[in-house]
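Try each task before reading its solution.

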Amino acid sequence: MNHPCVITLDKKSPPRTLFSGDKLVKVDLPAGTRVIYPKPPLAGLKDPDAAIRYAINHPHGSPPLYAKLKPGMKVTIAVDDISVCLPPMKRPDVRQRVLEIVLEQMRDHGVDDVHIIIATSFHRRMREWELRNMLGDKIVDAYWPKKLYNHDAEDPAGMKYVGTTELGEPVVLNRRAVESDLIIYVNLNLVPMDGGHKSVTVGLCGYDSLKPHHNPHVMRKCHSYMDPPKSALNTVVERMGKITDAALDVFTIETTINNRMFDKPLGFLSKKEEDYTMAERAALDAMIYTLDRTPSHLRQEIFQRVPAPYELTGVWAGKTEHVHPHTLKKCFEQYSVPATGQADIVVAGVPYISPYNINAYLNPLLVQVMVEGYLHNLYRGAPVVKKGGTVIAFHPCSDRFDPDQHAPYIEFVHRVLPETRDAMVMHKKYEEEFSKNPSYIELYRKGHAYHPVHPFYMWYWGEAGRQHRGRVILVGPDNEYVPKLLGYETAKTFADALEMAKDTHGRNPAITCMHVPPIGMVDMTPTGSSATSTSSNAALAAHGGEA
Amino acid sequence: MPASYFDVDGTLIRTNLLHPTAFYLINQGSPTKALARIAKAAFSAPVLAFSEWRDRRAFNESLYALYEGMTEDRLFVLADEAYEKVLEPAIYPGARDLVAQCKAQGHRVVFVSGSLDFLVKRLANELGADDIIANRLEFRSRKATGKLLPPVVAGPAKAKIIRDHARSHGLQLDDCFAYSDSLSDVPMLSVVGHPAVVHPDAALERLARANQWPVLRLDGLS
């Protein structure tokens with residue numbers, strides 16, 4: 001019996017609507033193709049503020065927040081940055097709701113020494129207007145910029161050693177947080193790889209504490225990032241997080257949201273194409289027509305400036321290790337779709353947005369991270385694509401970067417990638433040089449650029465996917481040389497790409513389309529027959545009943 | 001070891017060559033002398049404006065002609081005060097951090113400036129630069145002639161000066177960094193492997209974007 005989010009196309013099925021950057025394309029997939037859709041959004045909590053109050057007053061593994069507060073104490077509140085959620089949510093953001101309640105408790109208990117730090121780690125600094133969207137005008141007016149600011153991992157005086165794991169991994173965190181009597185972490189858990197010990201131990205750390213897990217050796221051993229017990233990255237972070245927890249008093253507040261990414265006019269993009277109404281079909285055609293004729297910069301503005309109507313689905317508070325299992329359970333409840341039988345070919349659209357390009361263009365390196373980092377890792381059990389399988393993805397892959405946010409990416413793509421695509425080589429030969437580039441460090445600290453080693457992390461992020469898959473064929477790129485730098489083949493049309501893939505997988509390959517966004521993930525059970533490169537959709541049906 | 005080459009005026013400090021010159025013109029031995037020099041400068045203004053537009057080297061030469069007749073003693077004695085009153089308050093907030101960052105990464109920090117050497121030297125001491133390459137006045141009988149000793153540090157000449165400096169110190173220009181706010185310094189930016197522009201005007205910013213050079217702000221306004 002198929003999960004309702006898994007359908008198999010027949011000859012009469014309408015084309016699928018996939019993203020190709022900031023455009024939409026209709027793709028005629030062959031009969032027999034399995035399409036996996038995200039689950040429908042879970043119902044949002046009816047009274048989010050009441051749920052937040054209940055959570056901090058009934059925490060897990062910790063006294064309630066009010067019982068930890070004493071007049072005159074020093075408190076640091078760390079908050080997840082703009083990398084979650086995608087796109088940014090409608091006001092009020094969940095983090096604003098949580099902060100307003102937490103700050104009210106602070107005031108009630110005579111706690112005045114409060115700093116709010118955006119836990120950016122090596123991400124870019126958030127701008128004031130972005131903070132206003134995320135935290136609301138009241139908080140920004142009261143705290144920005146002296147008591148509300150971005151973490152700076154390169155401030156020599158701003159970091160403090162906390163401890164070292166038994167394997168020699170140093171935990172060095174934001175000094176203000178370390179020297180506080182209490183750290184409160186306000187998390188927005190978009191996907192299962194977020195939250196837990198990652199919040200404080202990664203969000204507030206510096207380079208020395210990122211090196212033990214943000215490297216190609218560890219990334220290769222993540223199967224997948226979204227399955228914490230199978231993620232070597234998570235294992236290292238948890239080990240380091242225990243050092244943090246032993247040394248510091250951390251009160252974690254974790255929240256989950258549903259996957260209602262598109263507001264009403266675009267809501268049909270979350271539906272199965274079979275279920276489109278006549279009006280929605282007309283709206284889609286009009287949208288494709290308009291987007292095709294709209295200048296690229298305007299398209300970007302249209303998509304990036306439309307906030308998502310996400311709703312709060314859960315909130316838990318207390319000791320990190322007691323809280324996080326509840327969060328993960330809710331995340332999987334929203335995202336996990338069971339399926340059986342890996343595919344020879346996975347087809348997916350690459351949208352205009354990733355965690356690392358809010359209010360910027362999705363540059364080629366981020367296209368790579370979407371294909372091999374995120375799309376590949378949206379699984380538990382086994383990857384959707386077989387070992388050596390082919391990924392067919394849609395994106396223009398333009399040679400275009402946001403020079404303010406992604407300055408070091410430009411050099412990475414045009415200087416490092418022409419030399420090597422081997423993550424181990426770039427890790428040894430180039431990472432240190434970039435990490436010391438004073439211009440890029442200045443842009444990270446004072447401008448709005450990602451840290452100079454962030455492009456390396458983006459490449460490492462794709463490492464597990466790269467080791468697993470065979471070919472990546474990009475459909476519809478506007479140039480040949482950038483995909484080539486990424487190691488991708490190109491095709492003008494999906495039909496061409498499919499013919500190319502059939503050279504590897506035979507005339508009747510098992511094809512799965514991952515219909516994201518919105519976000520969904522697959523609990524994949526591999527079958528014996530689908531382990532061969534010539535397995536067909538008929539074989540998939542025989543073993544998994546989905547064809 | 002790489003070097004970081006910094007233009008100074010407009011890059012690390014918000015003043016330009018006119019500011020210390022104005023200080024010296026005003027601070028003459030007597031009000032009469034000061035007025036005479038200011039009047040001479042006022043007459044030279046159109047020439048300065050034209051040469052600034054046309055040729056950076058010509059601008060420097062025209063500007064330093066205003067120093068003709070000033071005694072070496074007066075220039076040097078007033079240098080501390082000129083630095084404290086004009087240059088030091090004008091250091092951009094981010095300049096100290098950027099230079100410190102370069103030093104921390106083991107770079108040889110070199111200030112390459114059209115300003116006068118005895119002023120740039122004071123800034124170098126303050127910010128921790130290793131070397132300065134700056135304009136030097138010619139003196140005869142302990143009085144400025146109003147001419148500059150070669151090489152005149154301006155525009156395209158900076159590129160050659162940097163090349164010579166790198167060669168004499170065994171540095172690879174591909175590994176080196178350069179920072180400037182001025183379109184006239186594009187040759188200097190172009191000879192190093194890691195150029196960056198600092199609060200550029202529109203023309204330089206367009207060029208930087210086209211070349212995908214980093215654009216920095218040290219004025220704390222980003």
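**Exercise 1.** Find which residues touch the most other members of the largest nonpolar core.

*Solution.* Start with the core, a set of buried Ala, Val, Leu, Ile, Met, Phe, Trp, Tyr and Cys residues joined through C-beta atoms within 7 Å; buried means that 20 or more other C-beta atoms, placed from the backbone, lie within 10 Å of a residue's own. The largest core has 232 residues, and A:I77, A:A78, A:L173, A:I184, A:I392, B:Y5 and B:F111 touch the most other members. Helix α14 (residues 364-377) of chain A brings the largest share, eight residues; helices here are DSSP runs of H or I, at least four residues, and strands are E runs of at least two, numbered from the N terminus. Next, look around A:I77: leaving out residues up to four places away in sequence, its contacts include A:L99, A:V114 and A:I184.

This is a predicted model, where local features need pLDDT of at least 70 and side-chain atom pairs count only at pLDDT 80 or more, while totals for chains, interfaces and linings use all residues. Residues are numbered from 1 along each chain as its sequence is written, with chains lettered from A and ligands numbered from 1 in the order written.

**Exercise 2.** Work out which element gives the most to the side of chain A that touches chain B.

*Solution.* First, 13 residues of chain A are in contact (C-beta atoms, placed from the backbone, within 7 Å) with 16 residues of chain B.

Technical notes
Two residues are in contact if their C-beta atoms, placed from the backbone, lie within 7 Å. A residue is buried if 20 or more other C-beta atoms lie within 10 Å of its own, exposed if 12 or fewer, and partly exposed in between; C-beta atoms are placed from the backbone.
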